[in-house]
Amino acid sequence: MATILADTSRTFSEYLLIPRLTRKNQSSDVVDLRSPLSAVESDQPPRFSVNIPVVSACMQSVSGTDLSVALARQGGLSMVFCSQPIESQVEMVRQVKTHKAGFVSSTSNTTTDTSLRDIVRLMDETGHSTVPVTQDGSAAGKLLGIITDRDFWEFEDDLDKRVGEHMTCIEDVIHGVDGISLREANKLLHRHKKECLPILDKAGNLTSLVFKKDYVDHRRHPLELLDDSKRLCVGAAINTHDYRERVPELVNAGADVLCFDSSDGFTEYQMEGIRWIRDNFGPEVVIGGGNIVSAEGFDFLVSEPGVDFIKVGMGGGSICITREQKGVGRGQASALLDVAQKRDEFYSETGRYIPLCSDGGLANDTQIVIALAMGADFVMMGRYFAMTEESPTPKTSINGQMYKPYWGEGTHRAQNWQRYSDGMSSRKMMFEEGVDAYVPLVGSLAEVLETTLFKVRSTMTNIGANSLADFREGAILTRVSEQSVIEAGTTNVFQFSRNREFEESDWGNAG
């Protein structure tokens, strides 16, 4: 007969944190939310970390280019979805990697013979107001000058005139020399009151540009997640079917993290993929595996050659119906607690720490906090980001309220047959493990994250923790009863929304 586990499958909403001593020198301002994404070897720093413990889900309706850029600027990481052709996923990764803090490769260039009419068209298409003028019109050609939208009047000047008649010539262009530090480049911008500083090599060829707006933007985003070349970081999802073709292209495009996107990671297919990546790209590539819900699944994924981090969760997402369709899965809290305990035992035995990602089952900010307290190093979310301005789906008005489409990777709409294939050659999805829905538009990613992260930091001070590791170590959780859930909400008072008028019928509900 089947083995029956003694414990109950539980969710995050069934737990509360017990407050610990808050010290005088504690405040949310000093709480450090950095978390490793790569395996941490004994006495060694992690190869890759995020500055906030948040990543976006590997979903078509979530992790597009704009959201990836916005999340990296806040210190998190996006996982660009793999349920698309390799070429388009690679292009999305490349677009994120072109966002570089400081030295930027010029993407809009021209020659002295170009007409002002063509420059106006170029500026309209790219949104760039500054265009380098090079000898051959390339981004690495000999710089002859700079033309900006201040050098001519679109509706007054003859647009058939040439750029060479209106540009600022190289003799009058303030520039830096290749090899200059970003700090010195910004000092030149400040000293000469310029918006753009071209960087030239010894032969006078353009190598990059430094913009004042990028300096300002960096100051406004002190936690932005950057690689060694000062480019924004981005992750990329992969599957167990075409990784031999997809992985090399993603690595060449600069993807910082690879993550298997699978409803069930406890499979020989995934282990074969992990082994192939390790054999061909070595231990430096950061690989995430999963999803799993048990200690047994953890043991499988950390066996040689092993993954860097593991996603925990099955059937807990807001648009996931795996549990009701197939009868497999586990309450997210029970799954995370079981795997976290095994992870800690593994660390004690081997000295190797494997970060855990809690994926799904997060209905609100409070449950993010509970997941981190239970042992998650970071959380992966879909609906949370699908509701933001930067998600890749179009806005839709329904009864005067703005919404965005949101669908699971296990729906017919996603056409992600590979994620749910059991190895059969058929590309037909026999049944759905997700739903197609709408979520309300809540604002920009930065605004939403600011509130969430403030709550996380505030809760950590209640526990007396200044880091996520301290938080996990010091957290004490208690189970809640149905009555205590009721007690936690508002009682014996009447509330009404500021966004609607108080209706006479509401009086019948008061008291």
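Two strands count as paired here if DSSP finds at least two bridges between them. Helices (H or I, at least four residues) and strands (E, at least two) are DSSP runs, numbered from the N terminus.

This is a predicted model, in which local features need pLDDT of at least 70 and side-chain atom pairs count only at pLDDT 80 or more, while totals for chains, interfaces and linings use all residues. Residues are numbered from 1 along each chain as its sequence is written, and side-chain values use heavy atoms, with hydrogens and water left out.

Here are some notes to read beside the model.

1. **Overall picture.** The protein has 15 helices and 22 strands. Of its 511 residues, 50% are buried, where buried means under 20% relative accessible area, exposed over 50%, and partly exposed in between (1.4 Å probe, protein chains only). Among contacts with a separation of 6 or more, 65% are between residues 24 or more positions apart; a contact means heavy atoms within 4.5 Å.

2. **A mixed four-stranded sheet.** Follow the order E6-E12-E11-E10 and you will trace an open sheet of four strands with mixed pairing. Its edge strands are E6 (103-104) and E10 (176-177), each of which pairs on one side only. E10 is joined to E11 (residues 196-200) by two bridges in the parallel sense, and Val-177 stands opposite Leu-200 in E11.

3. **Helices on that sheet.** Helix H4 (residues 182-192) lies across E6, E10, E11 and E12 (206-211), at about 65° to E12. Helix H5 (residues 212-220) also packs on the sheet, where it touches E6 and E12, and its direction makes about 55° with that of E12. For these angles, axes are lines fitted to C-alpha atoms, for helices over the stretch in contact, and the values run from 0 to 180 degrees between N-to-C directions.

4. What does Glu-195 touch, not counting residues up to four places away in sequence? The list is Leu-189, Val-210, Phe-211 and Lys-212. The C-alpha atoms of Glu-195 and Val-210 are separated by 8.4 Å, and the two residues are 15 apart along the chain. Glu-195 is partly exposed, because its relative accessible area is 43%.

5. **An antiparallel three-stranded sheet.** A further open sheet has the order E7-E8-E9, with antiparallel pairing. E7 (130-134) and E9 (168-169) each have a single partner strand, so one side of each is left without a neighbour in the sheet. Two bridges join E8 (residues 143-148) to E9 in antiparallel fashion, and Ile-146 has Thr-168 of E9 as its bridge partner.

6. **Strand E17 and its neighbours.** E17 (residues 356-359) is covered on both faces: Leu-356 and Ser-358 on one side, and Cys-357 and Asp-359 on the other, are all buried. E16 (residues 309-312) pairs with E17 in the parallel sense over three bridges, with Ile-310 opposite Leu-356. E17 is also joined to E18 (residues 378-381) by three bridges, again running parallel, and there Ser-358 stands opposite Val-379.

7. **The H8 and H10 crossing.** The axes of H8 (residues 295-302) and H10 (residues 332-350) come within 8 Å and cross at roughly 45°. H8 is therefore oblique to H10; angles under 35 degrees count as roughly parallel, over 145 as roughly antiparallel, 65 to 115 as roughly perpendicular and the rest as oblique. On the H8 side the contact is made by Ala-295, Phe-298, Asp-299 and Val-302, and on the H10 side by Asp-338, Val-339, Lys-342, Arg-343 and Phe-346.

8. **Backbone spots worth a look.** The peptide bond from Gly-290 to Asn-291 is cis, with omega near 10°, and Asn-291 is found in strand E15 (residues 286-292). Asp-43 has a phi near 65°, a positive value in a residue other than glycine. Asp-43 sits in the loop between E2 (35-36) and E3 (49-50) and counts as exposed, because its relative accessibility is 77%. Lys-230 is another non-glycine residue with positive phi, near 65°. Its place is in the loop between H5 and E13 (235-238), and Lys-230 is partly exposed, at 43% relative accessible area.
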